[in-house]
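Thanks for coming, everyone. I'll keep this brief. Let me put the model on the screen.

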Amino acid sequence: MAAAGGGWAAVCEKFRTARTLSTVESRKDPETEPYRSKYSARALLQEVKQLLSAAEEGGEARLLAVRRAVLEYELGVNHTDTEELSAGEEHLQRCTQLLEPHRLSPDCVSLYIQAQNNLGILWSLRDEIKTAQTYLESAEALYNQYMKEDGNPPLDPSEHFMAEEEKITDQERSKRFEKAYTHTLYYLAQVYQHLEMIEKAAQYCHTTLKRQLEYCGYNPVEWALNAATLSQYYLSKQCFMEARHCLAAASVIFSQAGQVPSAEDNETEQDQQDLRQRKAEIARCWIKYCLNLLQSARKLLEDNIGELDPDRQLELKAQRKKEEDEKEKGRKKAVLFGTSDICDSVLAIEEKVSSVYPLDFQEAREIFLVGQNYVLEAKEFFQVDGYVTDHIEIVQDHSALFKVLAFFEEDYERRCKMHKRRLDMLESIYVDLNPQYYLLISRQLQFELADTYYEMMDLKIAIGNRLEELDSHTIKKINSLAQLAIKYYELFLDSLRNPDRVFPEQLEEDVLRPAMVAKFHIARLYGKLITSDSKKQLENMQTSLEYYMFLVDYCEKYPDAVRAVETELELSKEMVGLLPTRMERLRAKLCPFI
């Protein structure tokens, strides 16, 4: 038998060389021959296969079957890597057929699971996600069954081509087996994501991340990005403690990226650039965390006109005091990542930002400041030159942070200052934006600028109402803010016109509500303009009426639009009823003898 004496050592050496060609040398292949080493490895594997066949008569059938299965597995992976999927599938199927009767034994289980994993990958590459799911779930079930029935560290597939004295330790076997299972969970997370089983995908992603830390099998940058992405899922579920934990862990693990030398250890400028980009992407996830936490708190605290409800605030503070302790203890256990030294670093970051709803200005400001620091960090990389869209989105988030912080501020003058900061940052990017290339962003900015001016005007009116009488400076300020709000709402509405400057007969679904709100706000703004000239006042009322009429007429013509603007429509109908009478009275005052 070829396995006897020096013959077997030569076979093992061939096998080892093939593995090295596949995993190490192939990385250095030139672009003109990307699979050179893979093809050389394949030729060696075929030679080993022939040597095994020659030895078959004299050998032990079971042992040979397992060795042949290892070769079929390696050939299957090799063909998949070189994009020859049908051949890859054939080899992997042969591998599982050879192992089927013994798949639960310690010398076969790891190989069988890895073959199932690779069949899962192969079917994913063909976009046959359901088939991939079947293979991966079968690998998961086999792991669980083996751990339940046996549980001893199984042989690593490579050991079938090693001399007895080269065999690896139980500890290493266990590590490799667990790594293969971690891959199963990792691919399953992606499969569930594809199938839009979002909750299950998140659960598997979390388990994968946890296991990668436990068994030290991860790339710090990739791990950190996956953890930051997972935090966004938890945000969507309002699980702020879990989201914060994922982000804190992402920041800690990412910081290892600079310390861990890469395989070749000759980092290029491009590698450094990639690292800076990933760091900025994690910062953006932190911004979303702070923004979501503040906005969710606002929803809890606001009354029916969007102001902070003090009774609700007291009630929530009392409730929080009671719940806080037991909740933190109970949930922490379920989500912790990593070993104790990692946990300490994660905890240090977590302590810098709350994960409970802020219930007053001071608490909100602390979260706002953390968010603002991450805005500065993200903008360092995503600059206007080269990253227009990203940069603008970050500025919009910064503006949104100010907007939600203003909600917690009781002093109207200070609230105005916060909105002024928003206007400054938004106008400075809007001015340089070409609407021809960035129509959608341009519309968003027009609408947000209009809304901010609108909000400031309301605040100035509220401040003015506290005065004995309105002074000319306040009147000027109110009118100026109202006119700027009108200007930006009109710019937004103009952007909906066709090339012949005609406003659409029927509005598209995605712009229906913003367009109707813009019309409604313009109507209200004309009603707020302060003038001592009755003629001018009459003109403003007429314009206001026309905008209110637009809403009423549009909803009569297209009843489907009603649910998008119920509140605005109700108020518009009311104004359409009231304004003509008011205008009549004003006309009568102007010309008493008519």
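Where is Ser158 found? Ser158 sits in the loop between helix 6, residues 129–149, and helix 7. Keep in mind that this is a predicted model.

Is Ser158 buried or exposed? Its relative accessibility is 9%, so Ser158 counts as buried, the cut-off being under 20%. Set aside the neighbours within four places in sequence. Ser158 is then in contact with Phe15, Arg19 and Arg176.

Now helix 7 itself, with helix 5. Helix 5 covers residues 109–125 and helix 7 covers residues 170–194. Their axes come within 10 Å and cross at roughly 25°. The cut-off is under 35 degrees, so helix 5 is roughly parallel to helix 7. The crossing of the two is left-handed. Who makes the contact? From helix 5, Val109, Ser110, Ile113, Gln114, Asn117, Ile121 and Ser124. From helix 7, Phe177, Ala180, His183, Thr184, Tyr187 and Val191.

Last stop, helix 16. This one runs over residues 412–431, 20 residues. At 1.5 Å a residue, helix 16 should span 28 Å. Its end C-alpha atoms are 28 Å apart, which agrees.

At the N-terminal end, Asp411 is the cap of helix 16. A side-chain oxygen of Asp411 lies 2.9 Å from the backbone nitrogen of Glu413.

Which residues of helix 16 are buried? Among them are Tyr412, Arg415, Cys416, His419, Arg422, Leu423, Leu426 and Tyr430. What do the buried residues of helix 16 pack against? Four partners: helix 14 (361–381), helix 15 (388–408), helix 17 (439–465) and helix 18 (472–494).

That's my tour. Over to you.

Technical notes:
Residues numbered from 1 in each chain as written. Predicted model: local features only at pLDDT ≥ 70, side-chain atom pairs only at ≥ 80, totals over all residues. Heavy atoms only, no water. Expected span 1.5 Å × (residues − 1). Buried < 20%, exposed > 50% of the residue type's maximum accessible area, 1.4 Å probe, protein only. Contact = heavy atoms within 4.5 Å. Polar contact = N/O pair within 3.5 Å; in protein donor to acceptor, adjacent residues only side chain to side chain. Axes fitted to C-alpha atoms, helices over the stretch in contact; angles between N-to-C directions. Parallel < 35°, antiparallel > 145°, perpendicular 65-115°, else oblique. Left-handed = near helix turned anticlockwise from the far one by under 90°.
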